[in-house]
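Thanks for coming, everyone. Please bring up the sequence and the model, and keep both in view while I talk.

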Amino acid sequence: MLKILVVDDEPQIIRALGINMQARGFSMVAASTGAEGLEMAATKNPDVVVVDLGLPDMRGVDVIEAIRRWSKVPIIVLSGRSDSVHKVEALNRGADDYVTKPFNIEEFFARIRAVTRRVDSPLDIPTVQIGRWTVDIARKVVSTQGVEKATMRLTPTEWHILEILVQNEGKLVTKKQLLAGIGGKGFEREQGYLRLYISQLRQKLEPNPAAPEHFLTEIGMGYRFRS
């Protein structure tokens with residue numbers, strides 16, 4: 001069963017899509033803000049994300065760009081903006097398709113089926129070893145094996161950061177890129193939060209948080225992940 005995440009603040013759209021998805025055997029989860037949509041994209045593992053461009057807290061294109069930093073999940077824009085400028089920007093930011101409101105419901109679901117045929121998996125991130133922890137990002141599981149078998153819980157924001165860093169292993173990821181990835185455009189100034197989240201990841205996953213081997217700070221620039 002396909003799971004569709006719809007990020008839209010129009011209750012009537014949510015109701016209509018929910019009824020039609022249920023009738024077609026799809027599962028739907030909904031978010032009314034960009035921030036909620038980003039959290040659900042990380043925690044609900046949707047097969048397709050549908051995003052409106054006019055969200056109350058942030059621009060839809062920024063939601064698309066943030067998701068695209070760590071995921072290959074198909075993204076369809078569903079918007080009342082029909083001009084080519086908005087379409088081009090959304091597609092350039094990482095959307096796979098663009099549907100204009102009002103829309104034909106059969107065409108909409110045909111587009112969903114089309115984008116899901118183009119990809120094999122919503123994530124392109126391998127399982128990685130961080131100290132004694134095995135991290136399976138696709139399944140959102142951190143665990144150890146053997147005699148001392150254990151699991152570790154990460155928050156949605158910690159998963160966001162971890163996914164971005166792991167997908168860019170060995171590369172410098174700037175503070176601005178990380179903050180935009182976890183909070184969208186306008187969140188780039190919250191560097192104090194970023195230091196806190198990196199510190200939490202080190203405390204949870206590093207063998208010696210005081211001398212990190214995996215989550216490396218590039219002073220004045222950003223962070224680098226090394227497995």
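**Charge pairs, strands and a buried aspartate**

Start with glutamate 106: glutamate 106 is partly exposed, at a relative accessible area of 44%. On this scale, buried is under 20% relative accessible area, exposed is over 50%, and partly exposed is in between, with a 1.4 Å probe and protein chains only.

A word on the source. This is a predicted model, where local features need pLDDT of at least 70 and side-chain atom pairs count only at pLDDT 80 or more, while totals for chains, interfaces and linings use all residues. Residues are numbered from 1 along each chain as its sequence is written, and side-chain values use heavy atoms, leaving out hydrogens and water.

Back to glutamate 106. Which residue forms a salt bridge with glutamate 106? Arginine 24 does, and the closest N and O atoms are 2.5 Å apart. This pair links distant parts of the chain. Arginine 24 sits in the loop between α1 and β2, glutamate 106 sits in helix α5 (residues 105-117), and they are 82 residues apart. Arginine 24 is partly exposed too, with a relative accessible area of 27%.

Two terms there. A salt bridge is a side-chain nitrogen of Lys or Arg within 4 Å of a carboxyl oxygen of Asp or Glu. Helices (H or I, at least four residues) and strands (E, at least two) are DSSP runs, numbered from the N terminus. In general, side chains of opposite charge can pair when their charged atoms come close. How many salt bridges does the rule give? The count comes to 15.

Here is another. Glutamate 89 forms a salt bridge with arginine 93, with the closest N and O atoms 3.4 Å apart. Both are in helix α4 (residues 84-93), and because they are four residues apart, about one helical turn separates them. Glutamate 89 has 25% relative accessibility, so it counts as partly exposed.

Now aspartate 97. Its side chain meets that of arginine 111 in a salt bridge, 2.7 Å from N to O. Again the pair links distant parts of the chain: aspartate 97 is in strand β5 (residues 97-100), arginine 111 is in helix α5, and they are 14 residues apart. Is aspartate 97 buried or exposed? Buried, with a relative accessible area of 13%. Arginine 111, at 25% relative accessibility, counts as partly exposed. Some bridges also share partners: they join Arg59, Asp62, Glu65, Glu89 and Arg93 into one network.

What surrounds aspartate 97? Set aside its neighbours within four places in sequence, and aspartate 97 is in contact (heavy atoms within 4.5 Å) with Ile75, Ile76, Val77, Leu91, Arg111 and Val115.

Next, aspartate 96. Aspartate 96 is in the loop between α4 and β5. Aspartate 96 is partly exposed, with a relative accessible area of 33%. Its side chain makes a polar contact with the side chain of arginine 68, at 3.1 Å. A polar contact is a pair of N or O atoms within 3.5 Å; within protein, one must be able to donate a hydrogen and the other to accept it, and residues adjacent in sequence count only if both atoms are side-chain atoms. Aspartate 96 and proline 74 are 22 residues apart in sequence, yet 6.1 Å apart in space, C-alpha to C-alpha.

Serine 71 lies in the loop between α3 (60-68) and β4 (75-79). Serine 71 is buried, with a relative accessible area of 5%. A polar atom of its side chain lies 3.1 Å from the backbone nitrogen of valine 73.

On to the strands. Strands of a sheet pair through backbone hydrogen bonds, either parallel or antiparallel. Two strands pair here if DSSP finds at least two bridges between them. Strand β1 (residues 3-7) and strand β2 (residues 27-31) pair in the parallel sense over five bridges. The chain crosses from β1 through helix α1 (residues 11-23) to β2, in a right-handed β-α-β crossover. Right-handed means that, with the strands pointing away from the viewer, the path from the first strand over the helix to the second runs clockwise.

Finally, an open sheet of four strands. Its order is β6-β7-β8-β9, with antiparallel pairing. Which strands are at the edges? They are β6 (128-130) and β9 (150-151), each pairing on one side only. β6 pairs with strand β7 (residues 133-136) over three bridges, and isoleucine 130 stands opposite tryptophan 133 in β7.
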